[in-house]
Amino acid sequence: SDHMENIYGYLMKYTNLVTGWQYRFFVLNNDAGLLEYFVNEQSRHLKPRGTLQLAGAVISPSDEDSHTFTVNAASGEQYKLRATDAKERQHWVSRLQICTQHHTEAIGKNNPPLKSRSFSLASQGSANSPGVQRRPSQNAVSFFNVGHHRLPTGKRVPIMQPDHLVDVREMMSQAEGQQRDLIRSIECLPVSGHLTSLDQDLLMLKATSMATMNCLNDCFHILQLQHASQQKGSLPAGTTINWLEPKISLTNHFKNGAAQNFPAEINKPASVREEQSIAEPCQLTREPEEINSDEELEDICDDKEDDLGAVEEQRSVILHLLSQLKLGMDLTRVVLPTFILEKRSLLEMYADFMSHPDLFVAITNGSTPEERMIRFVEYYLTSFHEGRKGAIAKKPYNPIIGETFHCSWRMPKSNVATDGGGNFSAHSTSEQVTLSKDKEGQKELDYYTVKFVAEQVSHHPPVSGFYAECVERKMCVNAHVWTKSKFLGMSIGVTMIGEGLLSLLEHREEYTFSLPCAYARSILTVPWVELGGKVNINCAKTGYSASINFHTKPFYGGKLHRVTGEVKQNSTNTVVCRVQGEWNSMLEFTYSNGETKYVDLTKLSVTRKRVRPLEKQGPFESRRLWQHVTESLRDGDIDKATEHKRALEERQRNEERLRAETETPWCTKYFLKEGDGWVYHKPLWKTISAAQTQQTDTN
């Protein structure tokens, strides 16, 4: 009875994006089962500004901090509230949950059992059927019946009691069977005529019905966990509620290109036959190749992905794809349609993260460990903007196992910041182009060179290794990344699993770092990229570390592409630099001495990478390997691009099958497996160490 006493007090309430958080006086009326609020305590005798019925409500502490919680009413209305501290939040949440449970059980006892009936959504020959209205000559088919509950007039929806879960599971099983019948009926329709299996409305129906059943399954799963927690008192420590595993697998006919009638082998273009006939990679030379940077030319390719193009035209195919997927489904083995691809390999995308090599080389010029860590953070945060090609989210090619990419950058030493402030290059784009022209004809020009190599070292799981070095500055970076994609409804999430290591050999320092997750949002309209997650940078020798948070846009307001972070000295826990802003536009760095620096990423000069011409590249170098796919995408010929892409993938599958039959292990070319990671076969720290040893022996 003590717990059912009325409580009252001030809480902060989130109003809207403009007004934000405001203090309001709240009253929990236990007798009536109401949560009321007023402008202030003095207006308590007046009519409440707002009221929530607590019967059937869900009270949820927020994960964003220890002060916030939400009250979600059965009507759909929500209050987002914030207490002054964690103790006060717990006090309010406990009292609200007790009141909610009491009034929910009371309503459940006063309501009779629900009776179900069925009705047809698309009756045989119904004149009101949308399909009949659009196509009078087409006989409509009765697709499916849906179980429906009619509630007593004026009655509130009762909360499902535990003993009803069995009935719910049975009804959901029936609905799943009816949904499968619906899918089967649509897929059995002819591919031509008035009503076809590729009709855009029917594809949308498939996608939405699949999404509905997925959501119902997930909600039922959560209800079961809640019921179990009520029986045990609470969920065990560490318990998480995850999406259920997919129950519906991709149909075989949806594998990319399989549903299309490709020309017979004899009619295939010579380029396709060439792609399929390249010898098994392990039979080629797997000896590492030394790339002469003098053979590389400044890249003139500029494939920006700023228009929807074929994505807009192929929306029905995207709908068909969505109808086959389930929330949380791993997309690693799902072959996606060609028109959503951007015109470069994932290996080249990693190289494009190095488009500010002057900032990379400037790291080692820092005069103190603190300055070097800050410079690395500055470089790290400026790398992602140029790595994206345009605002539209498209997917780079999945590298073929054994695929490699080579390039380099040259920059005059005058472009690289020296010690004492870590200022960014002040050269404009026009000056950068002029410098590039100068160094073409003057070998004696004083410049630094950064070399880059990447290799796809594994197919399942898909792992890429990449390495970059500047010999003159005795620094290099080695990384391996496993990309794991998941379907999230109207977006796709990509987790970048792996670790990078930056070595500053002049200072004998090593910096470990990770990469953020990436999300392709709004995949049915205008897809765009968002980064999210927390990454850490650590230097064990100096004791400096950095923590960087890439914030995804919150449901309520907030900015896009926001990033925050701080650099600190671990031994004293002193913050020496804070950063905030957007990773694709403006960054603000605030240092411990009170100085502030702003970096406009849109105005930073970009150093073009240098790449060998196609005719000098090996058959497994990215641009030569994917050249026919890229050319077809540039020409807008999606069918031809799909054909070339399918030939490459088919060859990879055949080679993988042959290796499995002959028990032949895959031989990498540039990277060696060390523990759980991959390391470049000849990193700078090994070559310099060997040279020093040889010099010592000579002396």
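Reader: Ser545, is that buried or exposed?
Author: Ser545 is buried, at a relative accessible area of 8% (buried is under 20%, exposed over 50%, partly exposed in between; 1.4 Å probe, protein chains only).

Reader: What kind of model is this?
Author: This is a predicted model, where local features need pLDDT of at least 70 and side-chain atom pairs count only at pLDDT 80 or more, while totals for chains, interfaces and linings use all residues. Residues are numbered from 1 along each chain as its sequence is written, and side-chain values use heavy atoms, with hydrogens and water left out.

Reader: What's the average pLDDT?
Author: The protein chain averages 75, and 68% of the residues score at least 70 (pLDDT is the predictor's confidence in each residue, from 0 to 100).

Reader: Back to Ser545. Which side chain does it have a polar contact with?
Author: Asn570, at 2.7 Å (a polar contact is a pair of N or O atoms within 3.5 Å; within protein, one must be able to donate a hydrogen and the other to accept it, and residues adjacent in sequence count only if both atoms are side-chain atoms).

Reader: New topic. How many aromatic pairs are there?
Author: The structure holds 20 (rings of Phe, Tyr and Trp, its six-membered ring, with centres within 6.5 Å; planes under 30 degrees apart are stacked, over 60 edge-to-face, the rest tilted). One of them is Phe26 with Tyr79, edge-to-face at 6.3 Å centre to centre and 70° between the planes.

Reader: And those two, buried or exposed?
Author: Phe26 is buried at 0% relative accessibility, and Tyr79 is buried at 3%.

Reader: How are Tyr397 and Trp626 arranged?
Author: Their rings are stacked, 4.5 Å centre to centre with 20° between the planes.
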